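Visitor: I am new to this structure. Please walk me through a few features and how to read them.

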Amino acid sequence: MALLPIVKIGDADDAVLRTPAARVRDFGPDLHRLLDDMVETLRDAPGVGLAAPQIGLALRVAVIEYPEDDEEEGSPMRLYEIINPEIIKARGSEEGQEGCLSMPGLAADVQRATHVVVRAQDRHGREVRIKAYDWLARIFQHEIDHLLGVLMTDRADEVYRTVRTEEGTYEAVPIENTLRRPLPLAST
Ligand code: CO
């Protein structure tokens with residue numbers, strides 16, 4: 001296993017973050033190694049989701065790790081490896097504040113569906129369906145956006161710079177959203 005460098009906006013190679021990712025067709029050992037490395041990189045970051053474009057690879061692959069029950073303290077973590085994912089149902093709408101490993105120091109208020117059903121393939125190419133609501137639904141939508149070359153700032157109502165206070169907490173200071181790009185038709 002290996003830690004992979006995370007591509008950040010402003011890096012020389014950040015165009016991959018704006019590139020629609022290609023479908024995965026080969027579910028062999030290369031994909032399994034990629035998934036293992038992405039999970040290790042996600043845990044090291046640490047973060048709750050990582051999409052392949054964020055490690056410089058325009059492939060429809062993402063990993064998500066989130067508590068099974070986010071309202072219960074000490075709830076076990078559940079890992080999702082999603083290949084060629086698609087949102088097949090979405091309903092409800094709620095605003096929430098997101099961050100992104102490719103946009104360190106930034107936060108964005110984004111409207112997302114509250115409930116989604118995701119159809120994807122697992123690492124062996126088998127079809128899986130995942131129902132998610134609330135924060136987990138938000139994470140799936142954020143990661144699947146990455147596979148379309150869409151970043152949280154493209155959908156943001158408000159963008160903030162996160163500043164560490166003297167007390168060691170974080171404060172979100174509103175800034176102008178200079179990173180917004182038009183959404184591709186497929187994602188609207
Ligand atoms: Co992100």
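Guide: Let us start with a proline. P46 sits in the loop between α1 (29–44) and β1 (49–51). Helices (H or I, at least four residues) and strands (E, at least two) are DSSP runs, numbered from the N terminus. A cis peptide bond joins A45 to P46, with omega about -20°.

Visitor: What kind of model is this, and how are residues numbered?

Guide: This is a predicted model: local features need pLDDT of at least 70, side-chain atom pairs count only at pLDDT 80 or more, and totals for chains, interfaces and linings use all residues. Numbering runs from 1 along each chain as its sequence is written, and side-chain values use heavy atoms, leaving out hydrogens and water.

Visitor: Which protein residues are donors of the cobalt ion?

Guide: Donors are N, O and S atoms within 2.8 Å of the metal (3.2 Å for Na, K and Ca); water is not among the atoms, so sites may look incomplete. Here the protein donors are C100 (SG), H142 (NE2) and H146 (NE2), 2.1 to 2.3 Å from the cobalt ion. Along the chain, the donors follow the spacing C-x41-H-x3-H.

Visitor: Why does the pair C100 and H146 tie parts of the chain together?

Guide: C100 lies in the loop between β4 (94–98) and β5 (106–112), while H146 lies in helix α2 (residues 134–146), so the pair ties together parts 46 residues apart in sequence.

Visitor: Is C100 buried or exposed?

Guide: Buried means under 20% relative accessible area, exposed over 50%, and partly exposed in between (1.4 Å probe, protein chains only). C100 has 9%, so C100 is buried. H146 is buried too, at 1%.

Visitor: Where is D69 found?

Guide: D69 is in the loop between β2 (61–67) and β3 (77–91). Its relative accessible area is 35%, so D69 is partly exposed.

Visitor: Which residues have a positive phi without being glycine?

Guide: N84 is one of them, with phi near 50°. N84 belongs to strand β3. At 4% relative accessibility, N84 is buried. D134 is another, with phi near 60°. D134 belongs to helix α2. D134 has a relative accessible area of 29%, so D134 is partly exposed.
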